[in-house]
Amino acid sequence: MSRRSRREGPLANAFQIYAPSLVYATGVGAIMPAIATASTRFGVSVALAASTVTLIGVGSLIANAPAAQLASRAGERTTMIIAASVGTGGVLLAWAMVAGWSPANATTDFSGYMLGILMVGMAAAGFNLARQSYLAVAVPLSHRARAMSLLGGMQRVGSFIGPFVGAGAQSLMGIQGAFAVGAVCMGLAVIITFWIQELEEPATAPPAEPPTTGPIEIITNPTMISLAKQHWRVLLSSGLGVLCLTAMRASRTAVIPLWAEHIGLSPAQASLAYGVSGAVDMLMFYPAGSLMDRKGRRVVAVSCLTGLTIGVAVVPFTTSSVWLLVAAFLIGLGNGFGAGIVMTLGADYSPPVGRAKFLALWRLLSDAGMLSGPLLISAVTAISSLAVGIWAIAGLALAGAGIFARTLPHGPGPVARQDA
């Protein structure tokens, strides 16, 4: 993509920016509901089978730093190709173990299956980091939030339609159908990504970037440690807000099903409430990005977490499917209102030199929240009750809203550099 094409508008290269993300997210969405169920085929306990889902988050967490190094050296396009290829290989490995194509015993097969799921999580780290870094350069600042929200929207759409496509394949192939869809979609993402043109990095930093007085090595080739030292104020302020937000987002997927079971609703009623939340969430991504560009990041971030706080906090007061649907609607509205906010803030704060490595640090905070949120609900529920556990995560979201209200500036446009 040339510099000229970047000035033609945020949608001038929509296909090459968004199509790989949509296809890849559909593949991940197809296998997610099947991961725990497929694990039971190996004869492991239900608790162990349920824990295999966390391998996606674990893989993403451990692969952030290597993905950043790869993106810095090989470029975003190459990183996306390699990551999608690794994801395809991981799904194929998991599929082979589930199908029983391996001559090994059940224990070895289950180990291979877990490795495959871990590879999918690791691939997600590289693919998501590279596409975020790519978009941060490809789109004008005036349209950055809308572009990032569209990117987040593609993930939401893929996560929404993926389970339906996977379910259709499972009606023909059994549980293997979900992995077949995942492999096809991720393989297709590899092919589509070859159409992407590599971006030219700016020759010089923007004038607004403050001068750096550190050693020349930090200027030309910063490490993740040096970037963490340079930007520690942002990482420990707005970054903590991101951790609170992602912890809430990871927890909300468990809140509705758990409370539905607690009040005696059927699985179908729980699925309906969950589907309503997902549908509202999916419809909000473009309005959220437009509002971010026109009114600023602060109003969207604070409104998102406030809406999530209210929606989740009222769940323990619901006693019927109708009221749970209302709560699910509020949760979906709040989460959808913040579509793209994490990626947008990461792009805003990232320096032109070492961008991919800074975004890896940003993703570390995000991934830490994704893993810690469900653990917080589990821990508080174990020592108290499910209602208290739900209120605990709502309190964390409210704290995140306060952090964003204090650290993010008023007004439209990218956030100011606060770490200089």
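Before anything else, a word on burial: a residue counts as buried when its relative accessible area is under 20%, as exposed when that area is over 50%, and as partly exposed in between, with a 1.4 Å probe and protein chains only. By that rule Tyr113 is buried, since its relative accessible area is 0%, and Phe42, at 12% relative accessibility, counts as buried too.

Please keep in mind that this is a predicted model, in which local features need pLDDT of at least 70 and side-chain atom pairs count only at pLDDT 80 or more, while totals for chains, interfaces and linings use all residues. Residues are numbered from 1 along each chain as its sequence is written, and side-chain values use heavy atoms, with hydrogens and water left out.

Let me turn to the aromatic rings. Rings of Phe, Tyr and Trp (for Trp, its six-membered ring) pair if their centres lie within 6.5 Å, and planes under 30 degrees apart count as stacked, over 60 as edge-to-face and the rest as tilted. The structure holds 10 aromatic pairs, and one of them joins Phe42 and Tyr113, which is tilted, at 5.2 Å centre to centre with 40° between the planes. Where do Phe42 and Tyr113 sit in the chain? Phe42 lies in the loop between α2 (14-39) and α3 (46-51), whereas Tyr113 belongs to helix α6 (residues 106-138), 71 residues apart, so the pair links distant parts of the chain. Helices here are DSSP runs (H or I, at least four residues), numbered from the N terminus. Phe42 and Tyr113 also form one aromatic cluster with Phe110 and Phe179.

Now to helix packing. The axes of helix α12 (residues 238-262) and helix α16 (residues 321-337) come within 11 Å and cross at roughly 175°, where axes are lines fitted to C-alpha atoms, for helices over the stretch in contact, and angles run from 0 to 180 degrees between N-to-C directions. That makes α12 roughly antiparallel to α16, because angles over 145 degrees count as roughly antiparallel, under 35 as roughly parallel, 65 to 115 as roughly perpendicular and the rest as oblique. The contact (heavy atoms within 4.5 Å) involves, among others, Ile256 and Trp259 of α12 and Leu324 and Ile331 of α16. Leu324 and Ile331 are also among the buried residues of α16.

Finally, is helix α17 (residues 341-349) enclosed or open? Nine of its nine residues are buried, so α17 is largely enclosed by the rest of the structure, and Met343, Asp348 and Tyr349 are among those buried residues.

Methods: Helices (H or I, at least four residues) and strands (E, at least two) are DSSP runs, numbered from the N terminus.
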